[in-house]
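Subject: Handover of a structure

Dear colleague,

Please find below the structure that I am handing over to you. The notes that follow it set out what was found.

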Amino acid sequence: MNKQEQIISMFNEISPTYDLLNRLLSFGIDRRWRQIACKKCFKHYGKEVERIVDVACGTGDMIHFWHEGAEKTGHTVQEFVGIDPSVGMLAVAKEKIEYANFIEGTATTIPLEDGSADFVSISYGIRNVVERLDAWKEFYRVLKPGGMLVVLEFTKPEKENVFGKFTKWYMQKMIPFIGKIISRHSDAYTYLPDSIKAFETTAKLKEEMEAAGFQSVFIKGYSFEISTLFMMQKPA
Ligand SMILES: C[S@@+](CC[C@H](N)C(=O)[O-])C[C@H]1O[C@@H](n2cnc3c(N)ncnc32)[C@H](O)[C@@H]1O
């Protein structure tokens with residue numbers, strides 16, 4: 001198995017306990033990060049939204065927040081599509097959400113036509129995509145001119161803030177400890193902090209997306225820079 005296949009296989013194995021652990025380990029703060037992203041995006045776009053595509057959709061959390069955001073901002077969205085290569089994660093998503101189409105696929109092989117999406121999102125997923133530069137190009141291809149790319153991710157801090165030591169301890173000690181007990185998977189919750197440590201800074205990701213043709217609209221770190229929101233736009 002290559003590195004990408006190993007990552008996907010790991011998500012298949014933890015899919016039954018993924019939602020429970022996600023809420024527990026993030027104390028539910030991720031809900032706020034997701035709500036802000038969706039609301040800001042609808043407000044900025046200001047046009048009819050036909051199709052929203054959530055890549056690396058996992059168990060469908062971001063689709064839920066897109067749906068809720070549309071209702072709260074008075075938008076009607078014709079189609080919600082979730083894409084993920086893990087059949088285990090998709091099975092949980094299909095159980096929870098009946099109004100979206102969930103399709104097996106990767107960030108570099110999205111089975112949709114060129115220029116067919118108003119929004120493409122990827123939440124806490126881009127870290128797992130080995131061919132990341134190809135993914136940016138694929139998101140660009142699938143978006144309509146003027147379409148929005150929304151990325152939520154745990155980026156590598158440029159410098160440690162006051163909460164840095166606590167965050168480090170929580171990520172590197174507590175998450176693997178609790179994660180192993182609940183998921184009964186020995187490596188998955190060590191992979192999470194390790195993959196953040198080995199990941200890129202906000203500035204580097206912005207540079208990559210701009211090199212793929214996107215214009216940055218809004219970029220901000222939330223909760224002491226733990227989670228970063230990138231709102232990018234394909235030029236009209
Ligand atoms: C940490 S989960 C995030 C799930 C969801 N977006 C959320 O916010 O809860 C990462 C997801 O990325 C998916 N993934 C892994 N490799 C991928 C790839 N190459 N392309 C798309 N998704 C991938 C995994 O199957 C998993 O569902």
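Is Lys206 buried, partly exposed or exposed? With a relative accessible area of 30%, Lys206 is partly exposed; here buried means under 20% relative accessible area, exposed means over 50%, and partly exposed lies in between, with a 1.4 Å probe and protein chains only.

Before the details, a note on the source. This is a predicted model, in which local features need pLDDT of at least 70 and side-chain atom pairs count only at pLDDT 80 or more, whereas totals for chains, interfaces and linings use all residues. Residues are numbered from 1 along each chain as its sequence is written, and side-chain values use heavy atoms, with hydrogens and water left out.

Salt bridges

Side chains of opposite charge can pair when their charged atoms come close. A salt bridge is taken as a side-chain nitrogen of Lys or Arg within 4 Å of a carboxyl oxygen of Asp or Glu, and by this rule the model has 18 salt bridges.

Lys206 takes part in one of them, with Glu210, where the closest N and O atoms are 3.2 Å apart. The two residues are four places apart in helix α9, so about one helical turn separates them. Helices (H or I, at least four residues) and strands (E, at least two) are DSSP runs, numbered from the N terminus. Glu210 is partly exposed, at 32% relative accessible area.

Helix α9 (residues 202–211) also holds Lys204 and Glu208, again four residues apart and about one helical turn from each other. These two form a salt bridge as well, with 3.2 Å between the closest N and O atoms. Lys204 is partly exposed at 31% relative accessibility, whereas Glu208 is buried at 8%.

A further salt bridge joins the side chains of Asp19 and Lys96, at 2.7 Å from N to O. This pair links distant parts of the chain, since Asp19 belongs to helix α2 (residues 18–26) and Lys96 to helix α5 (residues 87–96), 77 residues apart. Lys96 is partly exposed, with a relative accessible area of 36%. Both residues belong to a network of salt bridges that also links Arg23, Asp30, Arg34 and Asp61.

The ligand

There are 19 residues around the ligand, and Arg34, Ala56, Asp84, Ala107 and Ser123 come nearest; a residue counts as near if one of its heavy atoms lies within 4 Å. By class, this shell has 10 nonpolar, seven polar and two charged residues. Ala, Val, Leu, Ile, Met, Phe, Trp, Tyr, Cys and Pro count as nonpolar, Asp, Glu, Lys and Arg as charged, and the others, Gly among them, as polar. Helices α1 (3–14) and α2 each supply at least two residues of the shell, and α1 gives the most, with three.

The side chain of Gln4 has an N or O atom 3.1 Å from a nitrogen atom of the ligand, and the side chain of Tyr18 has one 3.1 Å from an oxygen atom of the ligand. At Ala56, a backbone N or O atom lies 2.7 Å from a ligand nitrogen. The protein covers 98% of the 600 Å² of accessible area that the ligand has on its own, as given by the Shrake-Rupley method with a 1.4 Å probe; for residues, only the protein chains shown count as cover.

Glu153, in strand β5, is buried, with a relative accessible area of 0%. Its side chain reaches the backbone nitrogen of Gly125 at 3.4 Å, and a polar atom of that side chain lies 3.4 Å from the backbone nitrogen of Ile126.

Lys156 is located in the loop between β5 (143–153) and α7 (164–183) and is partly exposed, at 33% relative accessibility. A polar atom of the Lys156 side chain lies 3.4 Å from the backbone oxygen of Phe199. Lys156 and Glu200 are 44 residues apart in sequence, yet 5.5 Å apart in space, C-alpha to C-alpha.

Yours sincerely

Note on methods: A polar contact is a pair of N or O atoms within 3.5 Å; within protein, one must be able to donate a hydrogen and the other to accept it, and residues adjacent in sequence count only if both atoms are side-chain atoms.
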